[in-house]
Structure formats: C-alpha cells, structure tokens
Amino acid sequence: MSYYIIGDIHGHYVKLKNLFDELRHHINHDDLVIFLGDYIDRGPSSFEVIEFLVALSGEYQTHFLTGNHEDMFIKYLKKADYAGNFIRNGGDYTIKSYLKNLKTISLPESHIAFFNNLELYYEGSDFIAVHAGLNPDIDSMSYQARDDLLWIRGEFYLADRRWPKTVIFGHTPTPYIINSESVFIDNNRNIIGIDTCAMLEQYPLTCIRWPDRRIFKAYYS
C-alpha cells in the first residue's frame with residue numbers, strides 16, 4: 001500500500017489535472033491519496049479544482065486536509081466583516097472563479113460538503129500529514145492546536161527537534177526555505193515540505209509517494 005501526498009494547489013487546475021494524468025498510471029485501488037490543503041485562492045481556477053477533487057473522491061480513497069486558505073474562505077462565507085482579510089490573501093481569485101462558473105458565490109451542495117468534511121491531519125503508522133506543521137512543544141496530536149496545524153511556520157520547520165514520525169507538510173513554499181522548487185527534506189529532524197510554490201505559474205505542483213519517497217511534479221505544459 002502506498003500513500004500519494006499532494007501539496008498546495010492554490011487554484012491551479014491545469015497543474016492538478018496534469019499531475020493526475022501521470023498519477024493515474026501508478027495509483028492502485030488500495031492506495032490512499034492525501035491532499036494537504038490550500039486548494040483555493042491565488043490561482044485562476046478554484047471552482048474547477050474543487051469540482052475535480054469532488055469527482056476524484058469517487059474514484060480513489062481520498063483524505064482532504066484543510067489549509068489556512070480554506071479556513072479563511074469558510075469564515076468569509078459566514079462573516080461579512082471577514083471579507084477584507086480573505087481578499088488580501090488571494091481570495092478575490094476564488095470569488096472570481098465561482099462567479100465565472102456559477103454567476104454566484106453561493107456554493108453548490110457538493111462543494112459545501114467538501115469544505116465541511118475537511119480533516120486537520122492524517123496520521124499513518126510512520127508519518128503524519130498536516131497542512132502547516134506541528135507545535136514542537138507538544139507531543140500528542142490530540143493536543144495540537146487547530147491554529148498551529150493550519151498556520152504555523154518557522155516555529156515548526158526551524159525547531160531543533162526530531163519527530164518520531166515523519167511530518168509531511170505544505171503551507172510554506174520550499175523556495176522560501178531552501179531557495180529551490182525541490183521538496184524540503186530534513187532527515188535529521190524527520191520533516192518533509194512539499195509546497196513547491198504551485199501558486200506561481202513557473203513552479204510545479206508536487207506529490208510525494210510514501211513510503212518510497214518518489215516525487216511527481218506537474219507544470220502547465
């Protein structure tokens with residue numbers, strides 16, 4: 001059994017489709033596909049991305065984690081006074097995508113169900129998949145704060161701590177950490193970052209297959 005763990009998509013449907021054009025040749029019926037969140041915002045096709053993922057959940061065993069951008073989107077839909085914060089973080093692209101496809105920002109039932117069923121993390125026997133990272137001062141997953149799982153950055157990936165299970169995370173683009181579009185692997189601390197900055201056109205969307213660590217990347221072409 002393998003796990004296919006996919007980094008931040010940020011509304012880039014073409015990269016997502018191109019990635020699965022390749023992954024479909026590898027994923028078996030008993031494999032799990034795990035997405036680390038940030039499906040929306042900053043890219044042009046958030047609506048199409050969610051449509052694709054909803055359909056994908058009918059084809060494969062999938063786990064969809066929530067990212068900080070989904071958290072902001074849900075708050076925006078519930079709170080009129082949250083619009084400014086959502087839009088400042090790229091939410092205007094999501095609004096435009098839904099308006100283009102639906103002529104309204106009211107979500108279809110399938111999308112509402114998708115956002116309502118997002119998970120905070122996935123824990124396997126030897127790895128933990130999470131959007132942003134973990135608080136290094138807390139050992140038990142049950143005590144990790146939601147805000148840390150969705151928002152933490154340097155306090156996690158710079159911490160002088162080796163995790164007992166490999167922590168695979170997104171949220172912080174690897175070009176910011178190691179000035180590279182490659183995944184960020186630190187074997188000493190047992191952490192792997194796979195947000196390769198797909199929100200920008202020239203960078204790829206990345207998937208890591210666990211446990212063999214094979215990397216799959218998809219660009220626009």
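A residue counts as buried under 20% relative accessible area, as exposed over 50%, and as partly exposed in between, with a 1.4 Å probe and protein chains only. By that scale N179, at 70% relative accessibility, is exposed. The structure is a predicted model, in which local features need pLDDT of at least 70, side-chain atom pairs count only at pLDDT 80 or more, and totals for chains, interfaces and linings use all residues. Residues are numbered from 1 along each chain as its sequence is written, and side-chain values use heavy atoms, leaving out hydrogens and water.

**Overall build**

- The chain has eight helices and ten strands, where helices (H or I, at least four residues) and strands (E, at least two) are DSSP runs numbered from the N terminus.
- The chain is as compact as a globular protein of 221 residues, because its radius of gyration is 16 Å, close to the 17 Å of the globule rule. The radius is taken over C-alpha atoms, and the rule is 2.2 Å times the number of residues to the power 0.38.
- Along the principal axes, the C-alpha atoms fill a box of roughly 50 × 40 × 30 Å.
- Of the 221 residues, 55% count as buried.
- Contact means heavy atoms within 4.5 Å. Among contacts between residues at least 6 apart in sequence, 66% join residues at least 24 apart.

**Surface and charge**

- The accessible surface comes to about 9900 Å², and 48% of this belongs to carbon and sulfur atoms. Such areas come from the Shrake-Rupley method with a 1.4 Å probe; for residues, only the protein chains shown count as cover.
- The 21 positive and 29 negative charges have mean positions 3 Å apart. Lys and Arg count as positive and Asp and Glu as negative, while His and the chain ends are not counted; the place of a charge is NZ of Lys, CZ of Arg, CG of Asp or CD of Glu.

**Aromatic pairs**

- The whole structure holds 24 aromatic pairs. Rings of Phe, Tyr and Trp (its six-membered ring) pair if their centres lie within 6.5 Å; planes under 30 degrees apart are stacked, over 60 edge-to-face, and the rest tilted.
- One of the pairs is F20 with F35, which is stacked because the ring centres are 6.1 Å apart and the planes at 20 degrees. F20 is in helix α1 (residues 13-23) and F35 in strand β2 (residues 32-35), 15 residues apart.
- F35 also pairs with F64: the centres are 5.2 Å apart and the planes at 25 degrees, so this pair is stacked. F64 is in strand β3 (residues 61-64), so the pair ties β2 to a part 29 residues away in sequence.
- F20 and F35 are buried, and F64 is buried as well.

**Buried packing**

- In helix α3 (residues 68-78), the buried residues are N68, H69, E70, D71, M72, F73 and Y76. These pack against α4 (83-102), α5 (109-116) and α6 (146-151).
- T166 is in strand β6 (residues 166-169) and is buried, with a relative accessible area of 5%. Leaving aside neighbours within four places in sequence, T166 is in contact with D126, F127, I128, N190, I192, W210 and R213.

**Backbone features**

- The peptide bond from W210 to P211 is cis, with omega near 15 degrees. P211 lies in the loop between β9 (205-210) and β10 (214-218).
- D41 is not a glycine, yet has a positive phi of about 75 degrees. D41 sits in the loop between β2 and α2 (46-56) and is buried, at 0% relative accessible area.
- N179, also a residue other than glycine, has a positive phi near 55 degrees. Its place is the loop between α8 (174-178) and β7 (184-186).
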